[in-house]
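Dear colleague,

I am handing over the structure below, and I would be glad if you kept it open while you read the rest of this message. My notes come after it, going from the whole chain down to single residues.

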Amino acid sequence: MAVTSRGAARVVPLAPAVVLLALFMLGPVVWSFYGSFTNAALTGPAALNPEWIGLDNYTALFGDPDFPKSLWLTVVFVFLSAVVGQNVMGILLAGLLRSAVKPVRSIASTVVVAAWVLPEIVAAFAAYAFFHSEGTLNTMLAGVGIAGPDWLYSTPMLAVILANIWRGTAFSMMVYSAALAEVPPELTEAAQLDGANGFQRLAWVTIPVIRRSISTNLMLTTLQTLSVFTLIYVMTGGGPGTDSSTLPILAYQEAFKFAQVGYGTAIATVMIIVGAVFSVIYIRALRPEVD
């Protein structure tokens, strides 16, 4: 009885938080999943009385030639800008700033974090201005005699990937800065005495020690990047054509541009599944360290 009372005493204070999470996080997911099986729309009879249509939205989705391309672009965008770009840049910057003198560390941290604290719409317009055909990047290239291309037209995915790395690296840098501060200095000193160079110390000492932080940051940056919409929409609008139309862009266009809300929520459901797949991969690959 005493054990039961102690368990109840621990659970009851968490009940309001659990209810709020279920209401504002789980609730929309469940409603979106239900909506993907209806013909809900913004106009017409289906706007007032949507009907259950079963798997028709998913049948149409998997038969849509734009869907495989959007799915592939989403995976490429997430992998290159989050899994590789933000995490590699984050850990490198965190390591470099630890060894830098205080004035340099303060200035560099401020510059990197500034991109992260900017409102997303402001950061998106800044990236647009940088990669525009007459923008900052091509102006700098012209200064050294190089004629830059129209980045947003010729290489739209490269532009949005680099912009997202610039936008999100600060978060990874702060996570890894905190993680590196917890690495026992005697471990790296012992490895250095054994003749290990900087890369070997990073690979065989530092990374294993901070592996939990890496797995957590990978999951957070992946899920955050999977839902990036404003940055891409402002920079390219998903174009030219569908060359930068990731799943969030495709879902927005179908739901609000073409008024097919049920079809758009089917795409959103696929995004949830993609995020779950990434999460399962991280958890299974790092299970011994996480458990």
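This is a predicted model: local features need pLDDT of at least 70, side-chain atom pairs count only at pLDDT 80 or more; totals for chains, interfaces and linings use all residues.

**The whole chain**

The secondary structure of the protein comes to 17 helices, with zero strands. Taken along the principal axes, the C-alpha atoms fill a box of roughly 80 × 75 × 30 Å. Of the 291 residues, 36% count as buried.

**The annotated spans**

The UniProt record, an unreviewed entry, places the feature "domain: ABC transmembrane type-1" at residues 72-282. Over that span the chain in the model is 81% helix and 0% strand, while its end C-alpha atoms are 20 Å apart. The unreviewed entry also places the feature "transmembrane region" at several stretches, among them residues 71-95 and 151-167. In the model, residues 71-95 are 100% helix and 0% strand, with end C-alpha atoms 34 Å apart, and residues 151-167 are 94% helix and 0% strand, with end C-alpha atoms 18 Å apart.

How do helix α5 and helix α13 cross? The axes of α5 (residues 66-99) and α13 (residues 211-226) come within 9 Å and cross at roughly 140 degrees. On the α5 side the contact is made by T74, F77, V78, S81, A82, V83, Q86 and N87, and on the α13 side by N217, L218, T221, T222, T225 and L226. Sorted by class, the contact of α5 with α13 has six nonpolar and eight polar residues, and no charged ones.

**Some single residues**

S32 lies in helix α2, which covers residues 15-35. Is S32 buried or exposed? Its relative accessible area is 16%, and because buried means under 20%, S32 counts as buried. Leaving aside its neighbours within four places in sequence, S32 is in contact with T265, A268 and T269.

P184 lies in the loop between α10 (156-181) and α11 (185-193). With a relative accessible area of 28%, P184 is partly exposed, since that class takes in whatever lies between the cut-offs of 20% and 50%. P184 and E120 are 64 residues apart along the chain, and their C-alpha atoms are separated by 37 Å.

Two details of the backbone also deserve a careful look. A cis peptide bond, with omega at about 0 degrees, joins G239 and P240, and P240 is found in the loop between α14 (230-235) and α15 (247-257). A259 has a positive phi of about 65 degrees, although A259 is not a glycine. The place of A259 is in the loop between α15 and α16 (261-285), and with 12% relative accessibility A259 counts as buried.

Key:
Residues are numbered from 1 along each chain as its sequence is written. Side-chain values use heavy atoms; hydrogens and water are left out. UniProt positions are given in the numbering used here, feature names are shortened, and annotations may be inferred rather than shown by experiment. Helices (H or I, at least four residues) and strands (E, at least two) are DSSP runs, numbered from the N terminus. Axes are lines fitted to C-alpha atoms, for helices over the stretch in contact, and angles run from 0 to 180 degrees between N-to-C directions. Contact means heavy atoms within 4.5 Å. Ala, Val, Leu, Ile, Met, Phe, Trp, Tyr, Cys and Pro count as nonpolar, Asp, Glu, Lys and Arg as charged, and the others, Gly among them, as polar. Buried means under 20% relative accessible area, exposed over 50%, partly exposed in between (1.4 Å probe, protein chains only).
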